[in-house]
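The sequence and structure come first.

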Amino acid sequence: MANESQPGNSSDMVENRPPTGKGKRASLRDMLSSMDARLARCELAVDEMRDRFEDIEGRIKEPDSTREENKGEMQGALNEAMDVLTQRNDALEAQVMAM
């Protein structure tokens with residue numbers, strides 16, 4: 001019985017030995033299958049994160065383009081208002097000069 005607790009006993013060696021033969025191949029296939037499934041899940045997660053990133057990136061860029069559009073519209077409105085005011089000013093100056 002003292003031999004059983006010693007690290008070098010034969011039953012420990014059998015249990016710690018890597019599988020051989022058909023059992024080893026089946027074990028490797030199971031490991032490969034498991035790794036393939038993990039890889040597929042990782043690839044799916046990466047694709048989902050890429051889609052989210054692109055969506056967020058688009059939302060960040062969207063205000064920039066909207067701001068440029070609004071800037072152009074505001075500039076156009078200001079130019080029209082300036083034209084109207086300039087015409088009124090010219091008309092008022094003409095009336096004052098005619099007096």
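## Salt bridge

In this predicted model, Arg-50 has a relative accessible area of 45%, which makes the residue partly exposed. Its partner is Asp-47: the two residues form a salt bridge in which the closest N and O atoms lie 3.3 Å apart.

Why are Asp-47 and Arg-50 separated by about one helical turn? The two residues are three apart in helix α2, so about one turn of the helix lies between them. The count of salt bridges comes to one.

## Negative patch

Which residues form the negative surface patch? The patch consists of Glu-48, Asp-51, Glu-54 and Glu-57. Of these, Asp-51 is located in helix α2, which covers residues 22-98.

## Chain as a whole

The protein chain contains two helices and zero strands. Of its 99 residues, 1% are buried, a class that requires under 20% relative accessible area.

The accessible surface of the protein chain is about 9,500 Å². Carbon and sulfur atoms account for 57% of that surface.

Technical notes: Residues are numbered from 1 along each chain as its sequence is written. This is a predicted model: local features need pLDDT of at least 70, side-chain atom pairs count only at pLDDT 80 or more; totals for chains, interfaces and linings use all residues. Side-chain values use heavy atoms; hydrogens and water are left out. Patches are made of residues with over 30% relative accessible area and no salt bridge: like charges are joined within 9 Å, nonpolar side chains (Val, Leu, Ile, Met, Phe, Trp, Tyr) within 5 Å. Accessible areas come from the Shrake-Rupley method with a 1.4 Å probe; for residues, only the protein chains shown count as cover. A salt bridge is a side-chain nitrogen of Lys or Arg within 4 Å of a carboxyl oxygen of Asp or Glu. Lys and Arg count as positive and Asp and Glu as negative; His and the chain ends are not counted. The place of a charge is taken as NZ of Lys, CZ of Arg, CG of Asp or CD of Glu. Helices (H or I, at least four residues) and strands (E, at least two) are DSSP runs, numbered from the N terminus. Buried means under 20% relative accessible area, exposed over 50%, partly exposed in between (1.4 Å probe, protein chains only).
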